[in-house]
Amino acid sequence: MRLSQFHLHTSKQTPSDAEIASHQLMMRSGMIRKLAAGIYTWTPLGLRILRKVETVVRQEMENAGALELLMPAVQPAELWQETERWEQFGGQLLKMRDRMQREFCFGPTHEEVITDMARNELRSYKQLPLNFFQIQTKFRDEIRPRFGVMRAREFLMKDAYSFHVDQDCLGRTYQVMYDAYARIFTRLGLRFRAVDADTGAIGGNASHEFHVLADSGEDAIAVSNQSEYAANVEKAEALAVGEARPAGAELSKIDTPSQRTIEQISEFLKVPAANCVKTMLVRSEKGLVALCVRGDHEINEVKAANLEQLPGEIILASEAEIAQSGIGCSAGFIGPVGLPDSIPLIVDRSAAVLADFVCGANSDGAHYVGANWQRDAVATDIVDLRKVVAGDPSPDGQGKLELVRGIEVGHVFQLGQKYAKAMGATVLDHQGKARTIHMGCYGVGISRIVAAAIEQNHDSKGICWPGPMAPFQVVICPIHKKADSPVVAYVESLYRQLQSRGVEVALDDRGLRPGVMFADMELIGIPHRIVVSERGLESDQIEYRERRADENELWPQSEVLERVIANTLITG
């Protein structure tokens, strides 16, 4: 590609609303242009990169046996009402009406549409398993779109859906797709981790997220320092820290007139937060529920929402509800000792092994010291209720947990029969009986991968693309002042030879000063740069620099072609 004939518009200025590196660099390099909040145009430069990701994803889906189709982006409300997600999905669902006042939505995902197709197309177990995928624009009306395409409202996604006669068959395809995702991110040259994850709004009974590792990642991931264990912190199991020991102190009440938080109590009483218990009152369908964790731990809202006693979300009790409960105090002084019998007491494992702990006394301006379980308070249930922290024992028994940051770019689910049951998708089994189909769901954020790759691969000069994702593999930068310079003849010959050998090469023939030209190429992130000058040709030397290198290499003219080809084969 001759850059004089290519639309390339870079900028030294960082947009004021660009908070993270990928957003800043995608705007500065001219890859994207903002049209509205969370909605972007991809320029020819950005689209080249996006299509490279899309190509790898499509190839690996086909290698995994998935069949490509294309479903409508606009979906009728009736399908979403069948699965009860029309209201459940919340404000992210962009709803609209046509001229006949029929309700539709712009699809954020396609479980309903593909299940509708399955119930109309599939009749016999002999047709299964089947796996369909599409690459399509989605829309989720984020309340606060930010970070460029990382959390945009409109985005490009690959979503796949598999259909099975039983759970065992689903499990086999799930593993095939898991392996395909690992190959995708390996081929793209990204450092990633697959982690055990919560199924969230999509539903189902098992899922894994794929995270590109980056310090700027929104998600915290718990990984073992001695094994392959990895899980999103929402899902990571928190084992009990410490062992139960007998009571050694008498229960006594002390005045804490203005100390309401764990930090204030810990400082006031000169006791570690780890020897305090904090209690949270939340609503349930049958009244209030008390949740207890150790003072230095945090309640994991996802784990709490999955408790049998709670309605699927955590809503704090209001002051009015607390007052009506008969506890007799305000928030900040609530504790497990002396709670009304009508309030279930759910205690985290690590809190349940404490002895002689500090807690609220259910009386304004007072706390208990020397509190103990069984003697002073009895738990209704002891469960895993908290977020893991660095240093916790790994749930697989190997090593300790470390917390790293990641950017979620893929998610695979075993949906089970959730959508098939709701929509009546069945096939006849080998005995001629109708059986509800089992389903899997597999998503990859194609546009998000581009941003995540930049977050993982950049420096002070710009983007450092992994070879497989770079818009061009090599750029030739000629330095000359005359149209008849020998530089022109040499670069034209090298340009044609590289093209003929299948190398994606850009020739920067825009006539810019060397410093400006080099800065553009470093900002864009082309992996290999060849600089040709009259002085270099006279001494039989061509300058080469790999994007991440600090110094140039000098190559003989006769070796340039083969060396460039060899380097592009190594880096992709």
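Q: Before we get to the sheets, what makes two strands count as a pair here?
A: Two strands pair if DSSP finds at least two bridges between them, and the model to which this is applied is a predicted one.

Q: OK, so in what order do the strands of the four-stranded sheet come?
A: The order is E14-E15-E16-E19, in an open sheet whose pairing is mixed.

Q: Which strands stand at its edges, and why is one side of each left without a neighbour?
A: Strand E14, residues 277-284, and strand E19, residues 381-383, are at the edges, and because each has a single partner strand, one side of each has no neighbour in the sheet. From one strand to the next, the twist averages 25 degrees.

Q: How many bridges join E14 to E15, and do they run parallel or antiparallel?
A: Strand E15 covers residues 287-294 and is joined to E14 by eight bridges, with the two strands running antiparallel.

Q: And what does serine 284 stand opposite?
A: Across from serine 284 is glycine 287, which lies in E15.

Q: Switching topic, what about the open sheet of three strands?
A: That sheet has the order E4-E6-E5, and its pairing is antiparallel.

Q: How many bridges do E5 and E6 pair over?
A: There are four bridges between E5 and strand E6, which spans residues 103-106, and the two pair in the antiparallel sense.

Q: Which residue is opposite leucine 94?
A: Leucine 94 faces phenylalanine 106, a residue of E6.

Note on methods
Residues numbered from 1 in each chain as written. Predicted model: local features only at pLDDT ≥ 70, side-chain atom pairs only at ≥ 80, totals over all residues. Heavy atoms only, no water. Axes fitted to C-alpha atoms, helices over the stretch in contact; angles between N-to-C directions.
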